[in-house]
Amino acid sequence: MKNIRIGLGALLVIAGIVLFIIPGSMLLVIAGLLLLSADVPLARTWLKRCQSSMARSSAKLDRVLLNRKLKN
């Protein structure tokens, strides 16, 4: 079971990196890191880093969209 989880997690991370141009592919990276974090301690730190960067970027996008809405 551990090998399947690691293999699937690595596959999702690689697919997310390859499809990085397409919106929503970051979810593949996070799903892969989530699977890998059960067995690989380094994946936990990358998962936390990705989650915090996504939170910062979504907050910035919210501010930009709110400012755009208030200008109109």
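Helices here are DSSP runs of at least four residues, numbered from the N terminus, and in that numbering Met54 lies in helix H3. The structure is a predicted model, and its protein chain is made up of 3 helices and 0 strands, which follow one another along the sequence in the pattern α-α-α. The radius of gyration of the protein chain is 15 Å, well over the 11 Å that the globule rule gives for 72 residues, so the chain is more spread out than a compact globule.

**Overall shape and surface**

- Taken along the principal axes, the C-alpha atoms of the protein chain fill a box of roughly 55 × 20 × 15 Å.
- Of the 72 residues in the protein chain, 18% count as buried, and the chain exposes about 5700 Å², with carbon and sulfur atoms supplying 70% of that area.
- Among the contacts in the protein chain with a separation of 6 or more, 31% are accounted for by residues 24 or more positions apart.

**Helices H1 and H2**

- Helix H1 covers residues 2–18, and the axes of H1 and H2 come within 7 Å of each other, crossing at roughly 160 degrees.
- Because an angle over 145 degrees counts as roughly antiparallel, H1 and H2 are described as roughly antiparallel to each other, and their crossing is left-handed.
- On the H1 side this contact is made by Arg5, Ile6, Leu8, Gly9, Ala10, Leu12, Val13, Ala15, Gly16 and Ile17, while H2 contributes Leu28, Val29, Ala31, Gly32, Leu33, Leu35 and Leu36.

**Helices H2 and H3**

- Helix H2 spans residues 26–36 and helix H3 spans residues 41–71, and their axes come within 8 Å and cross at roughly 150 degrees.
- H2 and H3 are therefore also roughly antiparallel to each other, and the crossing of this pair is left-handed.
- The residues of H2 that make this contact are Met26, Leu27, Ile30, Leu33, Leu34 and Leu36, and they meet Ala43, Trp46, Leu47, Cys50 and Met54 of H3.

**Two residues at the H2 and H3 contact**

- Leu34, which has its place in helix H2, is exposed, with a relative accessible area of 53%, and it is listed among the H2 residues that make the contact with H3.
- Leu34 and Ala55 are 21 residues apart in sequence, and their C-alpha atoms are 16 Å apart in space.
- Met54, on the H3 side of the contact, is partly exposed, with a relative accessible area of 28%.
- When residues up to four places away in sequence are not counted, Met54 touches Met26, Leu27 and Ile30.

**The loop between H2 and H3**

- Asp39 is placed in the loop between H2 and H3, where this residue is partly exposed, with a relative accessible area of 23%.
- Once its neighbours within four places in sequence are left aside, Asp39 is in contact with Lys2, Arg5 and Ile6.
- Asp39 and Lys2 are 37 residues apart in sequence, while their C-alpha atoms are 7.6 Å apart in space.
- Two of the partners of Asp39, namely Arg5 and Ile6, are also listed among the H1 residues that make the contact with H2.

Note on methods
Residues numbered from 1 in each chain as written. Predicted model: local features only at pLDDT ≥ 70, side-chain atom pairs only at ≥ 80, totals over all residues. Heavy atoms only, no water. Rg over C-alpha atoms; globule rule 2.2 N^0.38 Å. Buried < 20%, exposed > 50% of the residue type's maximum accessible area, 1.4 Å probe, protein only. Contact = heavy atoms within 4.5 Å. Areas by Shrake-Rupley, 256 points an atom, 1.4 Å probe, with all protein chains shown as cover. Axes fitted to C-alpha atoms, helices over the stretch in contact; angles between N-to-C directions. Parallel < 35°, antiparallel > 145°, perpendicular 65-115°, else oblique. Left-handed = near helix turned anticlockwise from the far one by under 90°.
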